[in-house]
Amino acid sequence: MPADTPWVTDVPWAWVSLVGVTVWWTSGFNAVIYLAGLQDIPAELYEAARIDGADVWDRFRHVTLPGLRPVLLFVLTTTILASANVFGQSYLITLGAPGEQTRTVVWRIVDEGLRYDDAGQAAAMSIVFALALAVVSVVNFRLLRYRED
């Protein structure tokens with residue numbers, strides 16, 4: 001590939017390409033999870049809403065979305081965790097270019113442990129990163145938890 005290809009060498013296009021590849025990478029898995037969640041919503045709920053006069057938007061808002069709440073929580077959390085752990089995409093597509101602007105946290109941890117031979121520092125960075133991701137997951141669960149109306 002030419003050295004001046006903007007979608008791998010220039011910001012913001014390098015990030016756009018990395019996000020696009022990551023979305024493509026996770027979309028199949030997410031689609032299967034959403035399909036399973038949609039099949040788990042009882043058809044009787046849609047029928048009852050239709051009989052009560054709900055239009056398509058009302059059925060989506062009052063039947064589909066609440067029925068998909070656990071699936072939305074799962075997909076959101078796993079997508080955030082997968083996106084935070086991106087390494088291969090930036091390494092293979094941009095090599096961290098331009099400069100080090102597309103290097104990720106995981107790339108920094110790998111460099112610290114393997115390139116600079118500092119396993120202790122890499123382990124400490126990994127633990128802090130894992131704790132930060134755990135906090136993000138807990139926040140997701142708190143924001144999307146099921147509430148009785």
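Reader: Which residues are buried in helix 7 (residues 105-115)?

Author: Happy to start there. Buried means under 20% relative accessible area, exposed over 50%, and partly exposed in between, with a 1.4 Å probe and protein chains only. In helix 7, the buried residues are Val106, Trp107, Ile109, Asp111, Glu112 and Gly113. Helices here are DSSP runs (H or I, at least four residues), numbered from the N terminus. This is a predicted model, in which local features need pLDDT of at least 70 and side-chain atom pairs count only at pLDDT 80 or more, while totals for chains, interfaces and linings use all residues. Residues are numbered from 1 along each chain as its sequence is written, and side-chain values use heavy atoms, with hydrogens and water left out.

Reader: What covers the buried residues of helix 7?

Author: The cover includes helix 5, helix 6 (88-93) and helix 8 (119-144).

Reader: And Asp111, what is it in contact with, leaving aside neighbours within four places in sequence?

Author: Contact means heavy atoms within 4.5 Å. On that reading, Asp111 is in contact with Arg103 and Tyr116. Asp111 counts as buried because its relative accessible area is 8%.

Reader: How do helix 7 and helix 8 cross?

Author: Two packed helices are described by the angle between their axes and the distance between the axes. The axes are lines fitted to C-alpha atoms, for helices over the stretch in contact, and angles run from 0 to 180 degrees between N-to-C directions. For helix 7 and helix 8, the axes come within 7 Å and cross at roughly 160°. These two helices are therefore roughly antiparallel to each other (angles under 35 degrees count as roughly parallel, over 145 as roughly antiparallel, 65 to 115 as roughly perpendicular and the rest as oblique). On the helix 7 side, the contact is made by Val105, Val106, Arg108, Ile109, Glu112 and Gly113, and on the helix 8 side by Ala119, Gln121, Ala122, Met125, Ser126 and Phe129.

Reader: Which residues of helix 2 (residues 13-39) and helix 5 (residues 69-84) meet?

Author: First the geometry: the axes of helix 2 and helix 5 come within 10 Å and cross at roughly 165°. That makes helix 2 roughly antiparallel to helix 5. Helix 2 brings Thr22, Trp25, Phe29, Asn30, Ile33, Tyr34 and Gly37, which meet Val71, Leu72, Phe74, Val75, Thr78, Thr79, Ala82 and Ser83 of helix 5.

Reader: Now the rings. How many aromatic pairs does the structure hold?

Author: A pair of aromatic rings is described by the distance of the centres and the angle of the planes. Rings of Phe, Tyr and Trp (its six-membered ring) pair if their centres lie within 6.5 Å; planes under 30 degrees apart count as stacked, over 60 as edge-to-face and the rest as tilted. The structure holds five aromatic pairs. One of them is Phe87 with Tyr91, a stacked pair at 5.5 Å centre to centre and 15° between the planes. The rings of Phe87 and Trp107 have centres 6.0 Å apart and planes at 80°, so that pair is edge-to-face. Phe87 lies in the loop between helix 5 and helix 6 and Trp107 in helix 7, so the pair ties together parts that are 20 residues apart in sequence.

Reader: Is Trp107 buried or exposed?

Author: Trp107 is buried, with a relative accessible area of 3%, while Phe87 is partly exposed at 25%. Ring pairs link Phe87, Tyr91 and Trp107 into a cluster.
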